[in-house]
Amino acid sequence: MTQSFFQTFILLILVTDPFGNVPLFATALKDTPVQRRPRIVVRECAIAFLLLLVFMFFGQHFLAALHLSPIALRIGGAVILLIIAIRMIFPHPDGVLGKSEHGEPFIVPLAIPALAGPSALATVLLFSSNTISETMVHVAALAAVGVVWLMVFLSAERLQQKLGPQVMTAFERLMGLILTAMSVEMLLGGIREFVKTL
């Protein structure tokens with residue numbers, strides 16, 4: 001059971017990639033008042049956690065009811081990530097996330113697709129189990145991953161201050177390039193899976 005917990009934990013850390021999402025969170029929150037940022041981080045992490053939890057239990061039924069396939073979910077998420085990545089590399093007057101009436105992100109793109117992205121949603125779909133013990137292990141692993149999210153993103157502000165704006169800008173461009181590659185790979189993977197179904 002312990003091995004299963006750590007396997008699930010490591011897998012979810014890899015697919016949600018909290019450390020790789022630090023620049024995205026820093027960029028999304030840079031125009032938000034400092035005192036509001038911790039609340040937004042907690043809110044977005046909670047939304048992502050709840051969505052992944054719901055998908056863990058009801059994801060298959062939800063996709064079937066809407067006649068959606070995991071492939072469509074993957075391709076759609078890849079397109080969104082690609083647009084965000086391009087805006088990270090080539091600055092836009094409206095910022096990475098576009099204009100916001102309240103000056104703060106809500107659900108998109110921090111909770112979805114940064115944390116609860118297509119890969120994470122597809123991964124938790126595989127965790128459906130017939131035994132209560134295995135289900136509890138998966139839920140516990142997801143909760144532990146949620147704690148890691150909070151630790152990483154709540155300390156992102158201090159990291160940004162220590163490194164300075166120039167280093168963070170360069171890091172943002174680099175992560176935009178990496179995110180571009182990841183989104184293209186995700187898109188190609190979705191297309192390959194779709195072609196196999198023809």
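These are my notebook entries on the fold, the annotated spans and selected residues of one predicted chain.

**Basis.** I worked from a predicted model in which local features need pLDDT of at least 70 and side-chain atom pairs count only at pLDDT 80 or more, while totals for chains, interfaces and linings use all residues. I numbered residues from 1 along each chain as its sequence is written, and side-chain values use heavy atoms, with hydrogens and water left out.

**Overall fold.** I looked up the secondary structure and found nine helices and zero strands in the chain. Helices here are DSSP runs of H or I with at least four residues, strands are runs of E with at least two, and both are numbered from the N terminus. Of the 198 residues, 39% are buried. I take buried as under 20% relative accessible area, exposed as over 50% and partly exposed as in between, with a 1.4 Å probe and protein chains only. I then turned to contacts, defined as heavy atoms within 4.5 Å. Among contacts between residues at least 6 apart in sequence, 88% join residues at least 24 apart.

**Annotated spans.** I consulted the unreviewed UniProt entry, whose annotation "transmembrane region" covers residues 6-29, 41-59, 71-90, 110-129, 135-154 and 174-191. UniProt positions follow the numbering used here, feature names are shortened, and annotations may be inferred rather than shown by experiment. I checked two of these spans against the model. Residues 41-59 are 100% helix and 0% strand, with end C-alpha atoms 25 Å apart. Residues 135-154 are likewise 100% helix and 0% strand, and their end C-alpha atoms lie 29 Å apart.

**Helix 7.** I recorded 23 residues for helix 7 (residues 132-154). From first C-alpha to last, helix 7 reaches 33 Å, close to the 33 Å expected at 1.5 Å a residue; the expected span is 1.5 Å times one less than the number of residues. Buried residues of helix 7 include His138, Ala141, Trp149 and Phe153.

**Threonine 8.** Residues up to four places away in sequence aside, threonine 8 touches Phe127, His138 and Ala141.

**Helix 6 and its crossing with helix 3.** I noted that six of the eight residues of helix 6 (residues 118-125) are buried, so helix 6 is largely enclosed by the rest of the structure. The buried residues are Pro118, Ala120, Leu121, Thr123, Val124 and Leu125. The axes of helix 3 (residues 37-65) and helix 6 come within 8 Å and cross at roughly 75 degrees. Axes are lines fitted to C-alpha atoms, for helices over the stretch in contact, and angles run from 0 to 180 degrees between N-to-C directions. I therefore class the two helices as roughly perpendicular to each other, a label for angles of 65 to 115 degrees. Helix 3 contributes Leu51, Leu52, Phe55, Met56, Gly59, Gln60 and Leu63 to the contact, and helix 6 contributes Ala120, Leu121, Val124 and Leu125.

**Positive phi angles.** Aspartate 17 has a positive phi of about 50 degrees and sits in the loop between helix 1 (2-16) and helix 2 (22-29). At 26% relative accessibility, aspartate 17 counts as partly exposed. Isoleucine 107 has a positive phi of about 70 degrees, and its place is the loop between helix 4 (70-89) and helix 5 (110-115). Isoleucine 107 is partly exposed, at a relative accessible area of 28%.

Conventions: Angles under 35 degrees count as roughly parallel, over 145 as roughly antiparallel, 65 to 115 as roughly perpendicular and the rest as oblique.
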